[in-house]
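Please look over the sequence and the structure shown here, with attention to how charged side chains pair.

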Amino acid sequence: MAELVRLLVTGATGKVGRALVGRLQGTCEIRALCHNRSLDVDGVESVFGSIADRDAVRRAMAGVTHVVHLATCKETPDEIMDVAVKGLFWLLEEARESPTFERFVLIGGDAAVGHFVYKHPVPVTETQGHTAYEGCYALSKVLEEVMVEQYQIAYGLKSTCLRAPWIMDRDDFRYSLSFGTDQFGGPPWRELVDGDVPDGAVPLALDADGRPLKRNFVHVSDLVEAIAVALDHPAALGETFNVCMDEPVDYQQVADHLARTRGLPVVKVPTSFHSTWLDNAKAKFLLGWKPKYDTERLIDEAWDYQRSPDDPRIVWYPG
């Protein structure tokens, strides 16, 4: 890594961005490209503007040595291509022309390989081809990875892609299992079952074959550690890595654990999804990275977390 690292973080005000800034604060110079929200953190410089505006990107990239690209959109057709394609294009253009640039780290997603929408009879490795599903979000994750890959080929751009599944923090996992209006993410469990649901019930999601669903997750702290490693690890250059828990979350294990430890009722929820196993062996082998979270730790920390009055939940559903 450069003697003086000047790191640009896009999407710095989000869940991963704030955790990453906290992890690296004091170890390098950090600049955040901010659009709708500001990042009020001591020692972090903010540049304001849209990532789709080349002038804003040029100002943000001035003198930068490293980039972590986190900015993204969900199912927002009016905005997603401005961020995922146009914004990334300007970042890559400025990176390849910059005399100070050293490394670009893209945070991708398992939506690029279809996560639980398609059947995966074997563990999903980094060699699987892109398989976007319906909607614009998965398409955007495919396009991001392809753009970075092509800049590697055409210009020798020094870059790495870290492909993450659904990212959990604090009590996110607890509310991802809610049958109420406070549910975080999806699928919307209440719409998939008939009849009454007991108070405090958790879903035992079933896959398209009627077996307990297995879905991939990663805790934000594990992802942030992978980013920190990828910023200067020689083996990361030009590579894509699955960054996830060692095993997918098995909803049968979740149901059993919560019934045993919290006395919570369980409701079976049939879905049209397919169990998947995202394989993280490459990241462990080449980068020496290992996740610290398993299913039980993910569950217990989510249920034990207590929010303060000034830390309200943000209810989000991707559509």
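Lys 284 and Asp 246 meet through their side chains in a salt bridge, at 2.9 Å from N to O; a salt bridge here is a side-chain nitrogen of Lys or Arg within 4 Å of a carboxyl oxygen of Asp or Glu. Because Lys 284 belongs to helix α8 (residues 281–287) and Asp 246 to the loop between β11 (240–242) and β12 (249–250), the pair ties together parts that are 38 residues apart in sequence. Helices (H or I, at least four residues) and strands (E, at least two) are DSSP runs, numbered from the N terminus.

Lys 284 is partly exposed at 31% relative accessible area, and Asp 246 is partly exposed at 37%, where buried means under 20%, exposed over 50% and partly exposed in between (1.4 Å probe, protein chains only).

## Basis of the model

This is a predicted model, in which local features need pLDDT of at least 70 and side-chain atom pairs count only at pLDDT 80 or more, while totals for chains, interfaces and linings use all residues. Residues are numbered from 1 along each chain as its sequence is written, and side-chain values use heavy atoms, with hydrogens and water left out.

## Other salt bridges

The count comes to 25 salt bridges. One of them joins Glu 29 to Arg 6, with the closest N and O atoms 3.3 Å apart; Glu 29 lies in strand β2 (residues 29–34) and Arg 6 in strand β1 (residues 6–10), so parts 23 residues apart in sequence are tied together.
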